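Student: I have a structure to go through. Can you take me over it, a topic at a time?

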Amino acid sequence: MSVTDRPNSAPGVPMIFPPWLERFQVKYFNPAVRPFARYLPGFSVIKHRGRKSGKEYETIVTAYRKGNVLAIVLGHGKTDWVKNVLAAGEADVHFIRKHVHITNPRIVPAGGDSAGLPRMARLQAGRAGVFVADIA
């Protein structure tokens, strides 16, 4: 299966990881890590609302911060949490001891202009799309 044929691939936001890894992560890894993810370095929890249901969700992500910019590399492509936050225009992100509110969400396509992003996001921006938002 080519990268463009994967379920979450979108123009400029390819799904780099194979679909089986995403299913494993959603079914086993995320539930095991969720209770303490906000206390582990490197992990963050993004709280968002469903576009259709309005239900609140918490998704474990790896977020990078530089000043008032938050960046999340989209290795799984344009997933539901990305669509939810783009539709809502805002969300809350919980780091180890920090809670921030993000606004103005947007996607920098793979290979796009990554100037001003945190270093780790810039390194990965050549192959993957990057979710970028401003910290309010």
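Student: Let's start with R49: how accessible is R49?

Tutor: R49 is partly exposed, at 45% relative accessibility. Here buried means under 20% relative accessible area, exposed over 50%, and partly exposed in between, with a 1.4 Å probe and protein chains only. This is a predicted model, in which local features need pLDDT of at least 70 and side-chain atom pairs count only at pLDDT 80 or more, while totals for chains, interfaces and linings use all residues. Residues are numbered from 1 along each chain as its sequence is written, and side-chain values use heavy atoms, with hydrogens and water left out.

Student: Which residue does R49 form a salt bridge with?

Tutor: R49 pairs with E56, and their closest N and O atoms are 3.2 Å apart. A salt bridge is a side-chain nitrogen of Lys or Arg within 4 Å of a carboxyl oxygen of Asp or Glu. E56 is partly exposed too, with a relative accessible area of 47%.

Student: How many salt bridges in the whole structure?

Tutor: Four. Another one of them joins the side chains of K47 and E58, at 3.6 Å from N to O. K47 sits in strand β1 (residues 44-49) and E58 in strand β2 (residues 56-61), 11 residues apart. Strands (E, at least two residues) and helices (H or I, at least four) are DSSP runs, numbered from the N terminus. K47 has 26% relative accessibility and E58 has 29%.

Student: And what does D134 pair with?

Tutor: D134 forms a salt bridge with R106, with 3.2 Å between the closest N and O atoms. D134 is in strand β7 and R106 in strand β6, so the pair ties together parts 28 residues apart in sequence. D134 is partly exposed at 24%, and R106 is partly exposed at 30%.

Student: Switching to the inside. Which residues touch the most other members of the largest nonpolar core?

Tutor: I46, L70, W81, I102 and F131, out of 18 residues in that core. A nonpolar core is a set of buried Ala, Val, Leu, Ile, Met, Phe, Trp, Tyr and Cys residues joined through side-chain atoms within 4.5 Å. The elements giving two or more residues are β4 (69-74), α2 (80-88), β5 (90-94), β6 (99-108) and β7 (129-135). A second, separate core has 11 residues, including V73, L117, A121 and V130.

Student: What does L70 touch?

Tutor: Leaving out residues up to four places away in sequence, L70 touches A63, Y64, V93, F95, I102, F131, V132, A133 and I135. Contact means heavy atoms within 4.5 Å.

Student: Where is G126, then?

Tutor: G126 is in the loop between α3 (119-124) and β7. G126 is exposed, with a relative accessible area of 55%. Beyond residues up to four places away in sequence, G126 touches A110 and G111.
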